[in-house]
Amino acid sequence: MPDPSQAVPGSTAAGSDPPPPAFCHLLERWRVIHHLQAAGSLLRWDQEVSMPPAGAAARAEQNATVGRLAHEALVDPQVGEWLEALRDWEGTLPPDSGEAAVLRVARRQYQRARRIPVALVADRSALPPRA
């Protein structure tokens with residue numbers, strides 16, 4: 001399990017009680033989502049810069065898969081459960097702490113992403129980049 005005091009700049013966890021397990025799980029999920037999004041960015045960059053035109057269909061499928069996986073990881077009901085479980089703990093944190101910022105951003109991204117169907121994300125990810 002990751003050490004949030006090292007993962008969150010300005011963390012209040014150093015020298016105090018460790019964060020709840022749900023926070024550690026949330027951080028690990030965010031790392032996975034970030035890695036998937038970074039892989040998608042690399043695939044799109046490669047498509048624009050050096051991919052032969054004959055590979056466009058395969059690359060579109062790859063982009064759709066990576067986009068779908070990232071979105072599914074974000075909208076997984078488990079994320080909502082972790083965020084809900086962390087509400088009381090969040091109320092004890094200084095508003096300017098790294099943990100509080102992570103929770104605010106995670107909650108906002110989760111709520112926004114839940115409004116977007118997974119199929120739409122996959123279809124959009126498969127579209128070629130604009131010229």
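Within what distance do the axes of helix α3 and helix α6 come, and at roughly what angle do they cross? In this predicted model, the axes of α3 (residues 56-75) and α6 (residues 98-113) come within 9 Å and cross at roughly 115°. Here is a quick tour, beginning with the chain and then returning to that helix pair.

**The chain as a whole**
- The chain has 7 helices and 0 strands, so if you read the elements from the N terminus on, you get α-α-α-α-α-α-α.
- Of its 131 residues, 38% count as buried.
- The accessible surface of the chain comes to about 8100 Å², and carbon and sulfur atoms account for 57% of that surface.
- Take the contacts between residues at least 6 apart in sequence: 67% of them join residues at least 24 apart.

**How α3 and α6 cross**
- Angles of 65 to 115 degrees count as roughly perpendicular, and α3 and α6 are therefore roughly perpendicular to each other.
- As for handedness, the crossing of α3 and α6 is left-handed.

**Who touches whom**
- On the α3 side, the contact is made by His71, Leu74 and Val75.
- On the α6 side, Gln109, Tyr110 and Ala113 make the contact.
- By residue type, the contact of α3 with α6 divides into 4 nonpolar and 2 polar residues, with no charged ones.

Technical notes: Residues numbered from 1 in each chain as written. Predicted model: local features only at pLDDT ≥ 70, side-chain atom pairs only at ≥ 80, totals over all residues. Heavy atoms only, no water. Axes fitted to C-alpha atoms, helices over the stretch in contact; angles between N-to-C directions. Helix = DSSP H or I, 4+ residues; strand = E, 2+ residues; numbered from the N terminus. Parallel < 35°, antiparallel > 145°, perpendicular 65-115°, else oblique. Left-handed = near helix turned anticlockwise from the far one by under 90°. Contact = heavy atoms within 4.5 Å. Nonpolar A, V, L, I, M, F, W, Y, C, P; charged D, E, K, R; others polar. Buried < 20%, exposed > 50% of the residue type's maximum accessible area, 1.4 Å probe, protein only. Areas by Shrake-Rupley, 256 points an atom, 1.4 Å probe, with all protein chains shown as cover.
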